[in-house]
Amino acid sequence: MAMIEEKEGKERDKLAARIKQIEKQIALADVPPDVDPYDKKAIGKYFKLDVKEQFNPQLSDRLRARVKIAANAPPGERELRVYTPAGLSNPIYFQVGSLEETLEREPNDDHMSPDLKAVPVPSVINGQVRPGDIDHFRFQANKGDSIVVDVAARRIIPYLADAVPGWFQAVVALYDEDGNEVAYQDDYKFNPDPALFFDVPETGSYTLSIRDSIYRGREDFIYRIAIGELPFITGIFPLGAREGAEVDIALSGRNLPQTRLTGKLPKNGYETRHVSVRKKGYRSNQMPFAIGDVREVFEVEPNGTPAEARAVKHPLIINGRVQPVGDRDVYAIQGRKGETVSIEVIARRLNSPLDSVITLSGPGLDKPARNDDHVNKDKTHLYLGAGLVTHHADSYLLHEFPANGTYFVEIADAQGKGGHDYGYRLRISESNPDFELRMEPSGMHIAPGATAAFTVRATRKDGFDKRIVLSASELPSGFVMSETVIPTGSDSARFTITAPKQIEG
């Protein structure tokens with residue numbers, strides 16, 4: 001009996017020592033910059049204030065890093081990675097801004113508390129949402145101000161490491177001095193991060209709140225909130241243009257210093273660029289703008305029926321809008337028997353809220369060919385051609401004309417919606433079989449003499465179904481890549497790269 005009690009006593013002592021070690025690790029890793037990590041009283045005071053700190057941390061590792069930003073660093077997103085002897089981590093986004101930055105200060109759960117932190121306007125608020133947490137911030141606004149609250153949460157860490165508690169779904173609200181809710185937003189168009197627009201009715205003090213939609217939380221539920229009379233673009237038109245062309249882009253939004261952007265595009269190939277505007281030193285949100293390599297035209301109304309359809313000669317890209325609500329646009333093309341036509345909508349990929357649906361009708365077709373959301377053939381709803389877009393709403397058709405004659409291409413919104421921002425680029429061309437490759441992961445650490453495995457995924461376009469042979473002719477000296485083939489009917493293959501035991505340089 002004595003031996004059993006002695007053993008249990010030792011186990012308790014080990015557990016107590018382990019608990020102290022864990023508490024010390026948590027304190028050293030996560031104390032604020034202004035708290036001395038070797039001052040036990042200061043650390044104890046900090047953790048007494050932070051009632052949401054969980055004894056069993058949900059994230060096993062924490063790292064505090066100091067980042068120095070150059071005074072002339074242009075605003076925008078950067079990739080931040082951690083490099084260790086075990087390799088290079090996945091990237092996360094680090095944002096460089098031009099506004100004054102402020103940090104959340106707990107406790108701030110009560111939106112009527114007189115001790116809430118007052119934040120300057122404009123500024124960027126940095127914070128995190130713990131389980132059941134609601135964060136509040138007080139600010140002053142004048143009657144007539146057009147306040148923009150732009151939340152960056154999901155777009156900072158779009159894919160969390162595990163499924164519990166799930167993605168951060170931020171919601172924001174504004175309260176007046178009497179505690180009445182005067183504005184609320186839980187998303188922006190099809191984006192999960194909210195953007196709230198508020199025209200101030202009276203001069204006074206207002207309170208901003210942010211939380212998870214179902215009160216989840218964790219250390220990586222982080223956010224950055226830009227607040228103030230900030231320029232914010234809600235839509236552009238057209239969504240793109242041909243390389244080398246003169247462009248005149250119409251802008252819509254809030255607090256914009258201008259409503260048009262003009263200029264000439266470079267003649268250096270087609271790609272997607274981004275447009276933005278500046279006001280009082282602050283750059284607005286960025287909108288993607290596509291640069292194409294074929295002839296482009298603009299929609300001409302009325303064109304809602306086959307009788308009104310504009311005749312177009314492909315290959316071309318049509319820039320148009322589904323406007324007003326319930327609108328549909330119809331275009332007439334000439335088809336030859338046996339010819340294969342490729343019809344593609346580029347809209348959601350360019351931040352258009354359009355959930356497109358396209359229909360092809362004409363001679364020899366028993367029923368119209370139709371496509372709503374183009375997804376992978378294995379029905380996983382993962383379309384790699386759009387990158388990591390969680391809801392790919394753009395449409396695509398590849399169809400062989402059964403007869404000679406006039407065919408009609410119709411585009412509309414699948415939900416019957418429409419409006420000023422529902423722009424699209426409709427590409428109509430002959431079939432041009434091709435493919436794109438994406439490597440997963442995009443980078444990996446390989447130790448000297450070791451071998452690392454990668455996956456290459458192919459996005460097949462316009463019916464391309466041939467085998468794809470992969471090779472590497474420009475690897476560093478001594479590195480060897482395995483022979484790899486993506487066979488017909490497959491969209492992926494694995495390959496390896498072996499590093500030499502001695503790496504030069």
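Is arginine 425 buried or exposed? Select arginine 425 to find out: at 2% relative accessibility this residue counts as buried, where buried means under 20% relative accessible area, exposed means over 50%, and partly exposed lies in between, with a 1.4 Å probe and protein chains only.

Before going on, keep in mind that this is a predicted model, in which local features need pLDDT of at least 70 and side-chain atom pairs count only at pLDDT 80 or more, while totals for chains, interfaces and linings use all residues. Residues are numbered from 1 along each chain as its sequence is written, and side-chain values use heavy atoms, with hydrogens and water left out.

A salt bridge here is a side-chain nitrogen of Lys or Arg within 4 Å of a carboxyl oxygen of Asp or Glu, and strands (E, at least two residues) are DSSP runs numbered from the N terminus.

Next, select aspartate 220 and arginine 218, which form a salt bridge with their closest N and O atoms 2.9 Å apart; both residues are buried.

Move on to arginine 81 and glutamate 79, whose closest N and O atoms are 3.5 Å apart in another salt bridge. Arginine 81 is partly exposed, at 30% relative accessible area, whereas glutamate 79 counts as exposed at 53%.

Across the whole structure, a search finds 18 salt bridges.
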